[in-house]
Amino acid sequence: MFIVLLVLGIALTPAFLLMLYIYYRDRIQPEPIGNLLLGLFFGTLSIPLTLIMTFFLPEVEPGTVFAGFYDAFIGAAIPEEIAKFTMLFLLVFRMKSFDEPFDGIVYASCVGLGFAGVENIMYLAGGEDLGEILGMGIARAFLAVPGHFSDALAMGYFFAMAWFGSPRRRVMNYVLALAVPITMHGIYDSLLMVGENLGDVVFLFTFLLCIVYSIAVFALVNWRISVLRTPKMPAVATPMAMPPMAPPPVPVYPMTPPATPPAVPPLPTQLPPPLPEQDDDSQQGE
């Protein structure tokens, strides 16, 4: 019973901590807890879907460089990322709360961490003793689980760009939502699997290289989602346009009618008759 609890604790603790991290990053408009748990459940369903896809793959000769790349891409990266992409699409297809770009990263992380948690349990359950379980659990806590988380961040970013972005780039973003995680996952697994097939020294070197690669990829993707999550400054409200002011009314004063000028007598139309003329002699005799 102790071993079972130890395996569950070691396997699920890294996924739980990363889940808390992504929930904290979504604190501005947090998603319902029930939807997050549903996303983790859909992530666990991607495990049997992956097993179905890999069941029919042909086997190759082990111990070669080609076998390492084959197992990394064909046996792991491609079927696992296709399964997680399918579950992500089925999860959010009818989800009303899937209403902003950052939700793509949140739900893709849930699916990826659900897958990583179950995969961790499967690996640790195969440990033969306590030391092997602890060693494998610590290694996967710093490599495999953050690797799945980084793949999910990239998938969620491009998935959100396809869902909420320009319709002209929708198909391209859906392709990138699969191609980028597959490439990241395949490179990571190739470093481990090819190094394991080439001897202990090369494996140690590739193991250290995987640590550097995981940190770099996580930092890069985390920086990109930080840009996506940064809340925009609220737009400055445009002041309400004031209606044009009417000119002040001109005061109208009552005007006194002008005084009527005195009537001017009409000019005579005919001149008066001339006075009679008198003789000068009569005037002198008088």
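Residues are numbered from 1 along each chain as its sequence is written, and side-chain values use heavy atoms, with hydrogens and water left out. As the model is predicted, local features need pLDDT of at least 70 and side-chain atom pairs count only at pLDDT 80 or more, while totals for chains, interfaces and linings use all residues.

Me: How are α1 and α5 oriented to each other?
Reply: Helices here are DSSP runs (H or I, at least four residues), numbered from the N terminus. Axes are lines fitted to C-alpha atoms over the stretch in contact, and angles run from 0 to 180 degrees between N-to-C directions. Helix α1 (residues 2-25) and helix α5 (residues 130-142) pack at about 10 degrees, axes 9 Å apart. Angles under 35 degrees count as roughly parallel, over 145 as roughly antiparallel, 65 to 115 as roughly perpendicular and the rest as oblique, so α1 and α5 are roughly parallel.

Me: Which residues of α5 meet α1?
Reply: Contact means heavy atoms within 4.5 Å. On the α1 side you'll find I3, L6, V7, I10 and P14. Their partners in α5 are L130, I133, L134, G137 and A141.

Me: What's the handedness of the α3 and α4 crossing?
Reply: Helix α3 (residues 65-92) and helix α4 (residues 101-125) pack at about 130 degrees, with axes 9 Å apart. That makes α3 oblique to α4. A crossing is left-handed if the near helix is turned anticlockwise from the far one by less than a right angle, and right-handed if clockwise. For α3 and α4, the crossing is right-handed.

Me: Is α6 enclosed or open, and how many of its residues are buried?
Reply: Buried means under 20% relative accessible area, exposed over 50%, partly exposed in between (1.4 Å probe, protein chains only). Helix α6 is largely enclosed by the rest of the structure, because the buried count out of its 21 residues is 18.

Me: Which residues does N173 touch, beyond its neighbours within four places in sequence?
Reply: N173 lies in helix α7 (residues 170-197). At 6% relative accessibility, N173 counts as buried. Leaving those sequence neighbours aside, its contacts are F158, M161 and A162.

Me: And N35: buried or exposed?
Reply: N35 belongs to helix α2 (residues 33-55). Beyond its neighbours within four places in sequence, N35 is in contact with M95, S97 and Y107. Its relative accessibility is 17%, so N35 counts as buried.

How values were computed:
Helix = DSSP H or I, 4+ residues; strand = E, 2+ residues; numbered from the N terminus.
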